[in-house]
Amino acid sequence: MPEGPSLRKFQLLTSPFVGQVVVKVGGSSRKINVSDLNALRLQESQVHGKNLYLAFVAAGESLGPAAEETVLQAESASGASPSAQGGQGQVCVPQTHPWKKELQEPQHSGSEAPEAAEGPGNWLCFHFGLFGSIRANEFSRASKANKRGDWKDPAPRLVLYFESGGFLVFYNCRMHWCSSLRADPASDILSVEFHRGQALDALRTPNPICYTLLDQRYFSGLGNVIKNEILYLAKIHPLTQGTFLELLDLERLLDCAIQFSSDWLQDKLHGRKLHLQIYQKEQCPLGHAVMKEPLGPSGGWKRLTWWCPQCQPAILSGHEDPSPGTK
């Protein structure tokens, strides 16, 4: 499913429509009554981790200061120049990215997932599935035939047509209304309010490090691609327990998470292809054979994990090697 950098790009696609009234709706969603969006004004667009939040109000209501700021930020972002450094390197050095000032941050505290309201609230929450996406002023077209040999275009879950003549199209996503935005920017790896101390405390547990990195309570927006890449960049075996790692190692891993996520967002904003080191690779950049195994907590969701046994050696506890069988 889309990770934090993709959601930040989705937000930038929606921002130019803030302040506009919905004049027509469409889509196949049965989770909400899409007709409820008719004649509403898009008041605000925010993102937290892997969730996008759109606030709607009655068309007669005026925009608040936060919404006006979002419009100005969208205009600023559309004219932003590409960064001087592109791609990901082997050295993880924290950098300051001006785009962070261009994105609207959630200002509320609480857990990542908002509470479902009894009835329609003013926030519509989007959580995207595999290949989920947003398109502005265009529809997604089939790039290949399906199993039946038909060239059938993807069906959008929601289409919002605005008074300006533009429109937004949402694909493969779950939606629900919530009465308030409940999100903690301190756990969002792409937020200017990301709390390093809180993240380090989460990493210093006896759990395998690859499990902790996907815990959205502490690393909201961090997904499987980021997990695999930063563990390779930091030279840490995915099943290493956090308590076995030195503070310096955990700091370096955190630097890699922030840097890789920021660079990935920059690549997306400027149309550059993401350069991967280990994810879905058969060899690491040094030519070593890569291992692949679905890893995850007992009874939980297991995610495919790639690592290089030579670049990311296992840290042993007693006489046991934490690595699963080779493949």
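## Terms and model

A residue is buried when its relative accessible area is under 20%, exposed when it is over 50%, and partly exposed in between (1.4 Å probe, protein chains only). By that rule, both Phe-10 and Phe-128 are buried.

This is a predicted model, in which local features need pLDDT of at least 70, side-chain atom pairs count only at pLDDT 80 or more, and totals for chains, interfaces and linings use all residues. Residues are numbered from 1 along each chain as its sequence is written, and side-chain values use heavy atoms, with hydrogens and water left out.

## Aromatic pairs

Rings of Phe, Tyr and Trp (its six-membered ring) pair if their centres lie within 6.5 Å; planes under 30 degrees apart are stacked, over 60 edge-to-face, and the rest tilted. The whole structure holds nine aromatic pairs. One of them joins Phe-10 and Phe-128. This pair is tilted, with 4.9 Å between centres and 55 degrees between planes. Phe-10 sits in helix H1 (residues 4–14) and Phe-128 in strand E4 (residues 123–136), so the pair ties together parts 118 residues apart in sequence. Helices (H or I, at least four residues) and strands (E, at least two) are DSSP runs, numbered from the N terminus.

Phe-126 and Phe-170 form a stacked pair: 4.6 Å centre to centre, 15 degrees between the planes. Phe-126 lies in strand E4 and Phe-170 in strand E6 (residues 167–178), so this pair ties together parts 44 residues apart in sequence. Phe-126 is buried, at 0% relative accessibility. Phe-170 is also buried, at 0%.

## The cluster

Ring pairs link Phe-10, Phe-126, Phe-128 and Phe-170 into a cluster.

## Charges over rings

A charge sits over a ring if NZ of Lys or CZ of Arg is within 6 Å of the ring centre and within 35 degrees of the ring normal. Lys-235 lies over the face of Tyr-232, 3.7 Å from the ring centre. Arg-303 lies over the face of Trp-301, at 4.6 Å from the ring centre.
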